[in-house]
Structures are given as C-alpha cells and as structure tokens.
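Please keep the model open while going through the numbered points.

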Amino acid sequence: TSSKRTLRTLFRPPALPPPVVSEESPSQRKLLAYHKGKEEQKIINQILIDRALEVYYIDMDEREERNAASPITELPSTVRKYFFIKPLKILSFQAEYFFLKNCVQSRPMVPIQQQWLRSMLAMVPQSLMEGRDRELLTEDLLKEIVRDYEKSMQRCVLRRALVKPDIKELDKLEEEAPLPSLPLGLDFSSTWRNSYIKAKNQINSTLRILHPTMKALLDFGYTAFFNFLVVDFSSCRLKGPIDCRSLKTDASLSCSKAEDKITTTWYQRVLGLFSQPESLDGVKLDQLESFYNCVAVLISNQLKELLQRTTEVFVKLFDLEDRRRLPIFKMDLTLEENRMEFYPSLQDLEEAILFVVDCIGQTLQNFQKVDAWLMGGTETLDAELPAHTVQWAKSTLGESIRDNLEGPKQHFKGYVENYGWLVDGTAEERINTFIAEQPSFDEYT
C-alpha cells in the first residue's frame with residue numbers, strides 16, 4: 001500500500017447514522033433531532049476537510065513524481081506536520097466560522113419601524129407622489145429601503161457577535177463590501193444616559209422658568225402684546241399722500257403713546273405680581289439672584305419680540321411683490337436757482353423711512369428690572385433690538401425704496417431732458433447770440 005493511501009485511510013468515509021424505528025415521546029424526538037443536527041454538521045465539516053486534503057495530496061503526488069527518491073513517507077516529521085496538521089487546523093477554523101456565521105445570520109432581526117417609513121414619506125413633496133406610476137415607484141423604494149436596512153442590520157450583528165479568523169482563504173470565499181465608516185470628528189464611545197439624567201436633574205432644580213410666577217408673567221405678556229404694535233402704518237395708504245415730516249412726527253407720537261400704554265397697563269401688572277409675597281414661594285434665599293435674572297431675561301425677550309414684530313410688519317409694507325399697502329408720499333418738483341429738483345430729495349425720503357426703524361428700536365428702553373424696582377435701584381432691562389434685525393430691516397427697505405423710486409427718477413429725467421435748457425441759461429444764451437447777429441425782419445419772423 002502506498003503512503004498516500006495510508007494517509008487517506010486515517011479519515012474514515014462519512015456514513016449517516018442508522019435509522020432508528022421506535023416509538024419516542026415528543027421530548028425524545030426533540031433531543032434526537034438536536035443530536036441528528038450536530039451529527040450532520042460534523043459530517044459536513046468532515047467532507048470539507050477531506051476535499052481540502054485532496055488538494056494537498058495532489059500536490060504531494062507531483063512532488064513524488066519530480067523526486068521519486070523522496071516519497072512522502074521519507075519526509076521529515078516537521079514537513080508531514082505542515083502538510084497534514086496545518087490544513088486540518090485551518091479547515092476546522094473555516095468550518096466552525098461558517099457554522100457560527102450561519103447561526104448568527106439565521107437569527108430573526110428587528111424589523112424596521114413603520115413610523116420611520118412614514119417619516120421618510122412625509123419628507124417627500126406631495127406633488128412627487130401623485131399618480132399611479134409614482135405610487136408604484138414609492139412602493140419599490142420602500143422595499144429597497146427595507147432590504148438595505150435588514151442587510152445592514154444583519155452585517156452589523158454579524159460583526160459584533162462573531163470575530164472573523166485571520167485566514168487568507170476566508171477572504172477568497174466571502175467577498176463583501178466593507179461597512180460604512182463612522183463620521184469623522186464624532187465620538188460614540190461614551191454613553192449619554194448618565195449625562196442626560198444629570199442635566200435633567202440640574203434643570204429641574206435650577207430652571208426658574210418652571211416656577212408658577214413665570215407662567216403668570218408669560219400670560220401677562222401674551223395678553224398685552226399678541227395683537228399690539230408699537231407703530232402701525234397699515235392704514236397709511238388710505239389717508240392719501242403724506243410728506244416726510246408727517247411720517248417722522250407720526251412715528252414719534254405712536255412710539256411715545258405705545259410706551260405710555262405699556263407702562264400703565266402691562267408693566268404695572270408685572271410689578272404688582274412681584275409685590276405679593278407668594279410670588280417667591282419655593283425660592284430659597286441663595287436662589288433670589290438667579291430667580292430675578294430669569295425674570296429679567298423673560299421680560300427682555302417679550303419686549304424684544306414686540307419690537308422685532310413691529311419692525312417686520314413695517315418692512316412688509318414696502319414689499320416689492322405686494323404694493324397694495326405701500327404708503328404714498330407727496331413730493332414737489334421745484335425750480336430754484338436755474339435748477340430743477342425734487343423736494344424733499346430722494347435721499348431725504350429714504351432717511352425719513354429709515355428713521356421709523358430707529359424710532360422703533362429706541363422705544364421701551366427705560367423699564368427698570370423688577371429687583372431694582374423693589375430695592376430702589378436704577379438698573380434697566382435689556383430690550384434693544386438685535387443688530388442683525390436692524391441691519392436686515394434697513395437693507396431690505398433700502399432696496400425697496402430704490403426700486404419704487406425708479407418711476408419718479410424717470411419722470412424727473414424726462415423734465416430735465418425736455419425743458420432743462422429753458423432754465424439752465426442755454427435758451428437765454430441762444431437768444432442773446434441771435435440778437436447780436438442783427439438779423440433781418442424775415443429772419444426775425
């Protein structure tokens with residue numbers, strides 16, 4: 001018998017277990033099925049090992065043919081160990097890995113939540129979902145999303161539950177794209193639950209906005225300001241043409257009246273609220289400063305919101321796309337010192353309109369803080385309009401004013417082109433030149 005055959009006889013041919021015909025109980029049948037599955041897995045592993053060893057035996061045959069003087073039986077023990085033990089160990093790892101991989105992949109995965117799919121569909125414009133063809137396309141896309149989700153979940157669970165052996169043969173047997181890498185700059189190594197609980201407890205213990213007095217303060221502000229404007233020029237167009245001086249005067253008077261009204265109504269209610277001892281229920285002595293700071297911030301936000309809303313309404317009057325509420329300004333075309341011009345000038349008109357924005361921003365700036373009023377201090381609330389709001393209002397108004405003044409500019413240009421020579425001295429110079437030439441009577445006529 002050759003040495004090659006002797007090595008192969010080390011592995012007996014696989015044989016199925018003999019059938020057993022008997023009456024078993026349900027528990028016995030379950031136990032036998034379990035053992036049968038294990039035996040079948042062993043048989044599959046053995047077949048894989050035998051097939052892989054045949055490759056090595058073929059390689060040995062080629063070696064024997066090239067060097068008959070050195071049969072495999074005469075090889076050193078270390079070489080035989082390399083050709084036999086190492087393939088066996090590698091194939092054992094491969095079989096175990098594929099068996100465990102199959103077990104992990106056969107586990108049921110958590111299905112995608114229907115709420116997620118509905119949220120995805122809600123982000124798609126309704127116009128893109130109308131029509132039967134688009135409904136079918138939507139269904140196909142949802143099915144593709146579900147497939148990708150299940151595939152990704154399966155791969156992630158496999159990567160977490162099973163460590164792939166460092167064997168080169170496995171890379172050839174299974175080819176799959178790498179998992180997407182995590183976003184750069186984000187750290188997911190630490191959990192957020194402890195920090196969340198800590199922040200929640202800190203908010204409950206220090207956030208003064210949850211105090212009942214703050215709720216009453218919010219109600220006062222909503223009742224007083226929800227439909228109130230510091231300056232209201234919405235009906236200005238119905239009054240007919242106005243001049244720049246009237247616009248400035250009306251804006252100043254309106255701001256002054258609004259500030260007086262707010263002082264005598266809303267601000268008095270706020271001071272009366274904090275004059276009551278129960279307004280500080282539950283507030284400790286060492287928490288008074290933070291409590292009154294919260295009151296100041298809340299009142300400041302209410303006043304700023306009122307001024308900002310008034311500014312936005314005024315700017316909207318000059319909307320380029322809606323000219324129905326655009327104010328009408330009275331301007332005169334004057335002749336002075338041999339020069340034609342508008343009065344007031346176009347620049348004065350723009351300054352008068354922008355003056356309203358400044359007037360709104362200077363209103364409600366002298367309200368005392370509640371704690372300063374209680375203790376006789378002079379510190380006032382911060383109710384100043386944000387700089388970006390003022391910049392946006394003035395730039396938007398400037399663009400609208402320049403667009404609306406194109407008509408008057410063209411009108412003025414037509415007057416200058418047609419009649420400017422009558423007032424700028426050109427006509428007088430031509431007459432004097434004509435008279436100095438002493439023309440005849442026919443030339444005069």
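**Notes on the model**

1. Leu-364 is placed in the loop between α11 and α12. The coordinates discussed here come from a predicted model. Although Leu-364 is not a glycine, its phi is positive, at about 60 degrees. Is this residue buried or exposed? Leu-364 counts as buried, because its relative accessible area is 1%, and the cut-off for burial is under 20%.

2. Of the 445 residues in the chain, 26% are buried. Among contacts with a separation of 6 or more, 75% are between residues 24 or more positions apart.

3. Nonpolar side chains in soluble globular proteins tend to be buried together. In this model, the largest nonpolar core contains 57 residues. The residues with the most contacts inside this core are Phe-233, Trp-266, Phe-274, Ile-299, Leu-303, Phe-314 and Ile-353. At least two core residues come from each of α8 (212-225), α9 (244-274), α10, α11 and α13.

4. How do α10 and α11 meet? Helix α10 covers residues 288-316 and helix α11 covers residues 346-361; their axes come within 10 Å and cross at roughly 170 degrees. The two helices are therefore roughly antiparallel, since an angle over 145 degrees counts as such. The crossing of α10 with α11 is right-handed. On the α10 side the contact involves Leu-307, Thr-310, Thr-311 and Phe-314, and on the α11 side Ile-353, Val-356, Val-357 and Ile-360. This contact comprises six nonpolar residues, two polar residues and no charged ones.

5. Helix α11 also packs against α13: their axes come within 10 Å, with a crossing angle of roughly 155 degrees. These helices, too, are therefore roughly antiparallel to each other, and their crossing is right-handed. From α11 the contact includes Glu-350, Ile-353, Leu-354, Val-357 and Asp-358, while α13 provides Ala-393, Lys-394, Leu-397, Gly-398, Ile-401 and Arg-402. By class, the residues of this contact are six nonpolar, one polar and four charged.

6. Ile-353 deserves a separate look. Which residues does Ile-353 touch, not counting those up to four places away in sequence? They are Leu-247, Phe-314, Phe-318, Phe-329, Leu-397 and Ile-401.

7. Ser-300 lies in helix α10 and counts as buried because its relative accessibility is 9%. Leaving aside neighbours within four places in sequence, Ser-300 is in contact with Leu-381 and Asp-382.

8. Thr-378 is situated in the loop between α12 (370-375) and α13 (387-404). With a relative accessibility of 69%, Thr-378 counts as exposed. Beyond its neighbours within four places in sequence, Thr-378 is in contact with Gln-368 and Ala-372. Phe-367 is 11 residues from Thr-378 in sequence, and their C-alpha atoms are 9.4 Å apart.

9. Finally, please examine the peptide bond between Tyr-343 and Pro-344, which is cis, with omega about -5 degrees. Pro-344 lies in the loop between β2 (340-343) and α11.

Definitions and conventions: Residues numbered from 1 in each chain as written. Predicted model: local features only at pLDDT ≥ 70, side-chain atom pairs only at ≥ 80, totals over all residues. Heavy atoms only, no water. Axes fitted to C-alpha atoms, helices over the stretch in contact; angles between N-to-C directions. Helix = DSSP H or I, 4+ residues; strand = E, 2+ residues; numbered from the N terminus. Parallel < 35°, antiparallel > 145°, perpendicular 65-115°, else oblique. Left-handed = near helix turned anticlockwise from the far one by under 90°. Contact = heavy atoms within 4.5 Å. Nonpolar A, V, L, I, M, F, W, Y, C, P; charged D, E, K, R; others polar. Buried < 20%, exposed > 50% of the residue type's maximum accessible area, 1.4 Å probe, protein only. Core = buried A, V, L, I, M, F, W, Y, C linked by side-chain atoms within 4.5 Å.
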